[in-house]
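Keep the picture in view as you read.

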Amino acid sequence: MNIKSDILYFFDEHMDALPIYEELESQILQRIPDAGIKVSKTQISFSMKHGFAFVSFTPCRKAAQRPPVWLTVTFGLGYRKQSPRIDIAVEPYPNRWTHHVMIGSVNEIDEELMSWICEAADFAVHKGRS
């Protein structure tokens with residue numbers, strides 16, 4: 001399979017969310033053209049040296065609080081980003097914060113979200129360096 005067919009297979013049961021993903025992918029690749037894309041059963045990963053952004057259908061809100069169409073964007077930073085848009089932030093390792101943002105439309109792929117993703121890409125490239 002190629003990457004496009006892998007992505008279509010990933011969205012097989014969530015085709016209504018595919019346009020949201022396509023806009024997110026487009027925005028990421030415009031800003032980070034060297035980013036790699038890997039599709040697995042549970043997520044689509046964007047990476048440089050390490051993964052920096054992930055798309056999944058992991059629910060990070062109760063069902064009643066989710067938009068009708070949604071996907072979850074996850075990104076990692078070396079600190080906890082504070083924003084009411086971030087549904088969940090966890091620190092699985094010291095100074096490694098994972099942030100989950102549920103988005104329900106292409107309009108939510110704005111400059112704020114993209115700045116977080118770009119910051120996460122930079123963090124992924126440089127983490128582990130002293």
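Strand β5 (88–93) is joined to strand β6 (residues 96–103) by 4 bridges, and these two strands run antiparallel. Helices (H or I, at least four residues) and strands (E, at least two) are DSSP runs, numbered from the N terminus, and two strands pair if DSSP finds at least two bridges between them. Across this pair, Ile88 stands opposite His100 in β6. The hairpin of β5 and β6 has 2 residues between the strands, and Asn95 takes a positive phi near 60° there.

Before going on, a word about the source: this is a predicted model, in which local features need pLDDT of at least 70, side-chain atom pairs count only at pLDDT 80 or more, and totals for chains, interfaces and linings use all residues. Residues are numbered from 1 along each chain as its sequence is written, and side-chain values use heavy atoms, with hydrogens and water left out.

Now widen your view to the sheet. Strands of a sheet pair through backbone hydrogen bonds, either parallel or antiparallel. Here 6 strands form an open sheet in the order β1-β2-β3-β4-β6-β5, with antiparallel pairing. From one strand to the next, the twist averages 20°. Further in, β4 and β6 pair in the antiparallel sense over 7 bridges, and Phe75 stands opposite His99 in β6.

Next, look for the helices. Helix α1 (residues 3–10) lies across β1, β2 (43–47) and β3 (51–56), running at about 45° to β1. Helix α3 lies across β3, β4 and β6, at about 45° to β4. Axes are lines fitted to C-alpha atoms, for helices over the stretch in contact, and angles run from 0 to 180 degrees between N-to-C directions.

How do two helices meet? The axes of α2 (residues 18–31) and α3 (residues 111–126) come within 11 Å and cross at roughly 55°. The two helices are therefore oblique to each other (angles under 35 degrees count as roughly parallel, over 145 as roughly antiparallel, 65 to 115 as roughly perpendicular and the rest as oblique). Where they meet, Leu24, Gln27, Ile28 and Arg31 in α2 touch residues of α3, including Leu113, Met114 and Ile117; contact means heavy atoms within 4.5 Å.

Let's finish with single residues. Beyond its neighbours within four places in sequence, Ala53 is in contact with residues including Ile28, Thr74 and Ile117.

Thr74, in strand β4, is also buried, at 9%. Its side chain makes a polar contact with the side chain of His100 (2.8 Å). A polar contact is a pair of N or O atoms within 3.5 Å; within protein, one must be able to donate a hydrogen and the other to accept it, and residues adjacent in sequence count only if both atoms are side-chain atoms.

Finally, find Ser83 in the loop between β4 (71–77) and β5. Ser83 is buried, with a relative accessible area of 15%, and its side chain reaches the backbone nitrogen of Arg85 at 3.1 Å.

Terms used:
Buried < 20%, exposed > 50% of the residue type's maximum accessible area, 1.4 Å probe, protein only.
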